[in-house]
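Subject: Structure for you to look at

Hi,

Have it open while you read.

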Amino acid sequence: MDTKGGQSRKLIPFLDIKAINGRFSHEMESAFKRVWDRGHYILGPEVEAFEREFADFCGSKHCITVGNGFDALSLIIRAFEFEPGSEIIVPANTFIASILAISANGLKPVLAEPDPHSYNIDPMKMEPHITSKTKAILAVHLYGQCADMDSITQIAKRYNLKVIEDAAQAHGAIYKGKRTGSLGDAAGFSFYPVKNLGALGDGGAVTTDNDDFAQKIKAIRNYGSRRKYVHLYKGVNSRLDELQAAFLRIKLSYLEQDNALRRAQADHYLQRIQNPRVVLPQVQNGDPFSHVWHLFVIRTKERERLQQHLHSHGIETLIHYPTAPHKQKAYQEWNHHSLPITQQIHSEVLSLPISPVLTVKEADHTVDAINKLK
């Protein structure tokens, strides 16, 4: 509870996961009972069904579920078997998992600056980083908006590079008629609970149109085995369990509806927030379906003041992300690097509440509070 002037006010949460999942409680209880009664908990019929359904949704030939979104990216990179020391270009403005997946495989992440309007990697700033060691481009669809895949794909073809999608925040986003997960050589998804398509625990998936690559990922996720006790690769244990697959099947059937609600809320914000101190996000290519608004991220040079102002009005906000990856201690060898666009973005961004259960009244209250900031 937040108080002001002696009155108590219920806090508008940044994301009410309990309410989001509560809409499906009866269906989830039935799914739980189905899995419980069947007594098959790992790599069974629920996983197989979800993999078919999510592949169909994405417009890709194959979906292979894994333990989490990080594993999805890491296993993709591992399965390509790039030579040690190879380089992968990745946006400097991203969640650190995108970069960790590269370095975890003994490869070199090469950071490229983003477009300050879309926050996604800028192809014009990417190409100068390509060397003889470059093997792939990791295109992140940040905040729910597709990267400039035409330009990225053209550059990749010119230099014979793989294109990997990090679609962890962009379930259902559409780029020129095609959904994320079908725009590159392979794509990694996260089903972490806060995602547009979120499980009730960890989960992830790889999508691809390549038959052999799909079989390789399927083996690597399961100790390197395609058949029981026959191990073709030095694999890992990274599997989505049956219960999470059953829950995800339910939520997948509502994903388009939920993304439509997010788009409507984003449009509400875009039309009504009118404060010269605030920079609003932009939809690229004039296509409203290119963005699924996993996050609604504004920018302001007075971030701390605005965040405190909104909290005083009972509105919870978050910062995605306060520190750029190249300024993290984990990558201290990069701490001296200057990436001014990335650093400016990380110093100014503030994420507003947005979700399928956010009410118009709550959105209006957020708008009014922002517009009142002088």
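Predicted model: local features only at pLDDT ≥ 70, side-chain atom pairs only at ≥ 80, totals over all residues.

Residues are numbered from 1 along each chain as its sequence is written, and side-chain values use heavy atoms, leaving out hydrogens and water.

**Salt bridges**

I counted a salt bridge wherever a side-chain nitrogen of Lys or Arg is within 4 Å of a carboxyl oxygen of Asp or Glu. That rule gives 18 of them. Helices (H or I, at least four residues) and strands (E, at least two) are DSSP runs, numbered from the N terminus.

The pair I would look at to begin with is Arg249 and Glu53, whose side chains meet at 2.8 Å, N to O.

Arg38 and Glu46 make another salt bridge, at 3.1 Å from N to O. Here Arg38 is partly exposed, with 37% relative accessibility, but Glu46 is buried at 1%.

Then there is Lys125 with Asp122, again a salt bridge, at 3.1 Å (N to O). Lys125 is partly exposed at 33%, whereas Asp122 counts as buried at 13%. Elsewhere, salt bridges with shared partners link Arg34, Arg38, Glu46, Glu53 and Arg249 into one network.

(For charge, Lys and Arg count as positive and Asp and Glu as negative; His and the chain ends are not counted.) Glu165 is in strand E7, and a polar atom of its side chain lies 3.2 Å from the backbone nitrogen of Gly184. That is a polar contact, meaning a pair of N or O atoms within 3.5 Å; within protein, one must be able to donate a hydrogen and the other to accept it, and residues adjacent in sequence count only if both atoms are side-chain atoms.

**Two helices with buried residues**

Helix H5 (residues 96–103) is largely enclosed by the rest of the structure, because six of its eight residues are buried. Those residues are Ile96, Ala97, Ser98, Ile99, Ala101 and Ile102. They pack against helix H4 (69–80) and against strands E4 (87–91), E5 (108–112), E6 (134–140) and E7 (162–166); contact here means heavy atoms within 4.5 Å.

In helix H8 (residues 211–220), the buried residues are Phe213, Ala214, Lys216, Ile217, Ala219 and Ile220. Their cover includes H4 along with strands E3 (62–66), E10 (186–190), E11 (204–208) and E12 (225–227). At the start of H8, a side-chain oxygen of Asn210 comes within 3.1 Å of the backbone nitrogen of Asp212.

Most residues other than glycine have a negative phi, and most peptide bonds are trans. These are worth a look with that in mind:

- His320 and Tyr321 are joined by a cis peptide bond, with omega about 15°. Tyr321 is in the loop between helix H11 (303–312) and helix H12 (340–348).
- Tyr119 has a positive phi, near 70°. Tyr119 lies in the loop between E5 and helix H6 (123–126) and is buried, at 3% relative accessible area.
- Lys176 also has a positive phi, about 50°. Lys176 is in the loop between strand E8 (174–175) and strand E9 (178–179), and is exposed at 56%.

Have a look at these spots and tell me what you think.

Cheers

Terms used
Buried < 20%, exposed > 50% of the residue type's maximum accessible area, 1.4 Å probe, protein only.
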